Amino acid sequence: MSDEPIVQMAGITKDFTGVRALESVDFTLRPGEIHAIMGENGAGKSTLIKVLTGVHAPDAGRILLDGEPVRFHSPGQAQAAGISTVYQEVNLTDNLSVAENLFAGREPRLGPFINFRAMRRKASALLDQIGIDLNVAAPLSSYSIAMQQLVAIARAVDFEAKVLILDEPTSSLDRDEVEVLMRVMRKLAGDGVAMVFISHFLDQVYEVCDRMTVLRNGKLVGDWDTDALPENELIGHMLGREVETLEAIEHRPDRWPPGDAAPLVSAEGLGRRGSIAPFDLDVREGEVVGLAGLLGSGRTETARLIAGADRHDSGSLSLDGSKLRGHNPRTAAARGIGFCPENRKTEGLVPDLSVAENIVLAMQAARGWARTIPPARRDKLVAEFIAKLDIRPADPHLPVKNLSGGNQQKVLLARWMLLQPRLLILDEPTRGIDVGAKADIQRLVNELSDDGMAVMFISAELDEVTRLSDRIAVLRDREMIDILGAESEMTTERIVDTIVAKGGEQ
Amino acid sequence: MSTTTLTERSDRSTLFDGLGRYIPIAATIGLLIAMYAGGLANYSNFDNPQLIADLFIGNAALLIIAVGMTFVILSGGIDLSVGSMMAFSTMALAWMTVELGLPAEIAVPVVLVFGTGSGMFTGAVIHYFKVQPFIATLAGLFLYRGLTLQISDRDVSIREIEFFSWGMDRVEFGNVREGGFSLPHISFIAFAVVIIAFIVLHYTRFGRSVYAVGGSEQSALLMGLPTARTKVGVYAVSGFCAALGGVVAAYATRSANPLAGVGLELDAIAAVVIGGTLLTGGSGFVLGTVAGVMVMGMISTIIAFQGNLNSWWARIAVGVLLLAFILLQRFLGRSGEKRKT
Ligand SMILES: Nc1ncnc2c1ncn2[C@@H]1O[C@H](COP(=O)(O)OP(=O)(O)OP(=O)(O)O)[C@@H](O)[C@H]1O
Ligand SMILES: [Mg+2]
């Protein structure tokens, strides 16, 4: 392993209209190292990657690859030069098959023609290597975001690049997949590949990274060896302030003596064939019910049934004790069930509309298009939620597509919280959100539930689920296997044990 | 390495997922069969195979142009300049051969190169200057029509040019009087275009990036696909096909009409959409376009057989069909989105 840097970026400055995303940032990457870029939402991490890989042109600064000055004009050129990237949003084309996505642009060919058979074979082999089993001929759209994320990673890994960049690759993955990914990363590092890893999961960063570069508000704070930078100092560097408040959110014990209040929403034998086995679940006013389980265990499916996003084919759902008929997203919203889906890209935001417009969208829809919200009230509400969720830049008129990934997620959350539904279903609400903002969101969930809102909370992070939830429904293989409610049961270990134990029985 | 394998099956079977995108084209073919069966039941002589063959004679130019349009629409764009480009090509051929006395063997390649080149230019304008395809090609629609009328504002005959007699020479399949049929050479040009387009779209990298760009241009770019080349490429293909349509029109009519192909771009778009290609790009088949052209031809044929309807009924029928197919796509699109849980 040589110590000659493979990538050197010096004095990188990037302005977007009105925003300085990067200001004179330096970054050095060496072969065989796994290098984290850390920073709050909007700190400029993704922008730095995009400047390196030719998506954006820098306004100032130099980039050296292997000591040679380079300037890429498209991600294709960067790829050809040996820099392979998984960008933050899963960027694949879901109208094509899994295999085509894996090999787009470098399909195995016979003469000028694509050899589909060889491509499918190679695709299966590649996915097999990282431990996933998909029908590679099926369109990518038939798989969940998490699977799509894995496919994107597999695609990038297969380039045999000198530099591999992963911008929040693990945001929708579970422990198992993260384990697999880390194993792959370590192996590549052993082979001398230089890697950039961006993540808001500090434990993952500490587990796998050798060095860290910290950005704050588009400026370089510094770089450190991982060993030399304890977690609280790192957070201090990221946020630019001391952090005693962060861990202050504790599980609030026994707010809900079991069986006390009448259920707000209750599912009896609710199910949908091929999606989730029939289950019973009550959610009471002011209660936070967590859904825990591995990827593909049916968490999202459960939420979609209750939210009316999918039609159930067995059982029934009641609200305030009366059975719901004709349950669909519209009627659900009218009845006070708000659903914040996990895929902000295709199901959530309208990229060209402003932050304010995106925030009031659902509220406007609920009122009907004829009754517009008075502008003064609208501005006040928007400002309130921008402040509460710390959306940055705090400019309600900015098109939402210009926000960083984490801040887009906050906009989506604001939309549903604004509606003040009676039951709020949050599917992976903290995905891609930085440590500070995560705590803000958790606090907000607590606040809302204290005010009597019922919340269903889905997260791959078990800590988060145990911290917030009053009860936890555990899922496995598209079946609800247990509901944990006693105080002693609300631990990560207990959830994992439950999942494993039920697996063993079968 | 890993002991666990992560498996995920979509909630519907993957077979269904795979077949979902064939529903529109299946609907088109079903419609075609139904129309043919209806014709057989109601009119005598409808069983003459020449009837089907005729669909590929009158519509040869439309078919070629619609194939080019398929590329553009699959990539998420639109090309309104094709009708004018076709008329311009025919007129330019007439001018070069009749007025300048150039041999047709030179004039034809010149016209094809010009069509391809101006398509590339349009594509470059669309891609690099981020001009809406609708606007950029609308400019082409006016420009080429203006140039055509500039050359001549009345019909120019090319009957004297020997070269153009080849196009309508017929190849017979069986005895025409005893259940056989015949096709002129221009139909074979159209078939060749379809076959080549099919192979290019499905079996080459260029073809697959057309689908990728149509699915999501942003993603295609970030995946490192050559989006610039792809977008310029589809307009080049469309320009080439329009020019070739002009050559075929020269063969078919042996004259150049400055007002030929007015509104043809809309017929081509209709054929593509009826053939099941999504107007927003990313999904569809060139063989669907063939079926779309046949459906439109079949409508006219049936109306001609009916005898008491005027030809505007064909327009009405096409309008109704377009609406039906757009609704079908919308419906399928919606159920497709649901699957992305
Ligand atoms: N295309 C764009 N146009 C305008 N502004 C942009 C654009 N892309 C990013 N920005 C702005 O640049 C800043 C940095 O964004 P960037 O996406 O790099 O943040 P990030 O560190 O990746 O954050 P996150 O953790 O949320 O992904 C933000 O203020 C964002 O609003
Ligand atoms: Mg980012």
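1. Basis. This is a predicted model, where local features need pLDDT of at least 70, side-chain atom pairs count only at pLDDT 80 or more, and totals for chains, interfaces and linings use all residues. Residues are numbered from 1 along each chain, chains are lettered from A and ligands numbered from 1 in the order written, and side-chain values use heavy atoms, without hydrogens and water.

2. Magnesium site. The magnesium ion (ligand 2) has S46(A) (OG) and Q88(A) (OE1) as protein donors, 1.9 to 2.1 Å away. Donors are N, O and S atoms within 2.8 Å of the metal (3.2 Å for Na, K and Ca); water is not among the atoms, so sites may look incomplete. S46(A) sits in helix α1 (residues 45-52) of chain A and Q88(A) in the loop between β6 (83-86) and α3 (98-103) of chain A, so the pair ties together parts 42 residues apart in sequence. Helices are DSSP runs (H or I, at least four residues), and strands are too (E, at least two). Both S46(A) and Q88(A) are buried, meaning under 20% relative accessible area with a 1.4 Å probe, protein chains only.

3. K45(A). This lysine also lies in helix α1 of chain A. K45(A) is buried, at 6% relative accessible area. Its contacts (heavy atoms within 4.5 Å) include M38(A), E40(A) and H200(A), leaving aside neighbours within four places in sequence.

4. Cores. A nonpolar core joins buried Ala, Val, Leu, Ile, Met, Phe, Trp, Tyr and Cys residues through side-chain atoms within 4.5 Å. The largest has 155 residues; M38(A), V98(A) and L102(A) have the most contacts inside it. Helix α4 (residues 60-74) of chain B gives the largest share of this core, 13 residues. A second, separate core of 38 residues includes C340(A) and W416(A).

Methods: Buried means under 20% relative accessible area, exposed over 50%, partly exposed in between (1.4 Å probe, protein chains only).
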